Amino acid sequence: MNESEIINLPKIEDDRGNLSFLEGASHIPFEIKRVYWIYDVPGGETRGGHAFRESCEFIIALSGSFDVVLYDGQKETRHHLARGYYGLYVPKLVWRSMENFSTNSLALICSSTSYHDDDYLRDFNEFKGLTHE
Ligand code: TYD
């Protein structure tokens, strides 16, 4: 899958509180190798600002809200994530930033790879070059 998209997750509604879940390769188009989370973000901060050569990701706002801004080399899209029962699939080779974090927001990110610094594209011009090959 080369296109980013919002993917809805199961939501088991219950008077005692709702429950959602995620099974890699069943709800999202990759097997999860790693999960990390971003929290305690000070007002006005931006995270990300890079792309990945190989990793794809699935981003969920488990608490609060934030915006994910994507640029695939052609067009920019902004996705406001605000609930725990859906997330944003981000393919490889998409420049992504996360901004407008609300107070106490919690971003959960599922990745298709383990952490490798050399998978990061942090130079925007190098990224642009790869998307126009
Ligand atoms: P980074 O992915 O650059 O954060 P962001 O994109 O939100 O700005 O990661 C910040 C630091 O954390 C960087 O030094 C690498 C480290 N890190 C790990 O060690 N393991 C991980 O799984 C991740 C995502 C980051």
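Trainee: Where is Asp40 found?

Mentor: Asp40 sits in the loop between β4 and β5. Strands here are DSSP runs of E with at least two residues, helices are runs of H or I with at least four residues, and both are numbered from the N terminus. This is a predicted model, in which local features need pLDDT of at least 70, side-chain atom pairs count only at pLDDT 80 or more, and totals for chains, interfaces and linings use all residues. Residues are numbered from 1 along each chain as its sequence is written, and side-chain values use heavy atoms, with hydrogens and water left out.

Trainee: What is the phi of Asp40?

Mentor: Most residues other than glycine have a negative phi. Asp40 has a positive phi of about 55° although it is not a glycine. Ala25, in the loop between β3 and β4, also has a positive phi, near 70°.

Trainee: Which residues have the most contacts inside the largest nonpolar core?

Mentor: A nonpolar core is a set of buried Ala, Val, Leu, Ile, Met, Phe, Trp, Tyr and Cys residues joined through side-chain atoms within 4.5 Å. The largest one here has 17 residues, and those with the most contacts inside it are Ile38, Ile59, Phe66, Val68, Leu81, Met98 and Ile109. Two or more residues of this core come from each of β4 (34-38), β6 (57-63), β7 (66-71), β9 (86-90) and β11 (106-111). A second, separate core has ten residues, including Ile7, Phe30, Ile60 and Cys110.

Trainee: How many disulfides does a search of the whole structure find?

Mentor: A disulfide is a covalent bond between the sulfur atoms of two cysteines. The criterion used is a pair of cysteine sulfur atoms within 2.5 Å. The search of the whole structure finds zero disulfides. The sulfur of Cys56 has its closest cysteine sulfur in Cys110, and because the two are 11 Å apart, they are too far for a bond. Cys56 is buried at 10% relative accessibility, and Cys110 is buried at 2%.

Trainee: Which residues are around the ligand?

Mentor: The residues around the ligand are Arg34, Tyr36, Ile38, Arg47, Gly48, His50, Tyr115, Tyr120 and Arg122. They divide into four nonpolar, two polar and three charged. In this scheme Ala, Val, Leu, Ile, Met, Phe, Trp, Tyr, Cys and Pro count as nonpolar, Asp, Glu, Lys and Arg as charged, and the others, Gly among them, as polar.

Trainee: What lies 2.5 Å from an oxygen atom of the ligand?

Mentor: An N or O atom in the side chain of His50 lies at that distance from a ligand oxygen. A ligand oxygen is also 3.1 Å from a polar backbone atom of Gly48, and one is 3.3 Å from an N or O atom in the side chain of Arg122. The protein covers 62% of the 530 Å² of accessible area that the ligand has on its own, with areas from the Shrake-Rupley method and a 1.4 Å probe. The elements that give two or more residues to the shell are β4 and β5 (47-52).

Technical notes:
Buried < 20%, exposed > 50% of the residue type's maximum accessible area, 1.4 Å probe, protein only. Near = heavy atom within 4 Å. Polar contact = N/O pair within 3.5 Å; in protein donor to acceptor, adjacent residues only side chain to side chain.
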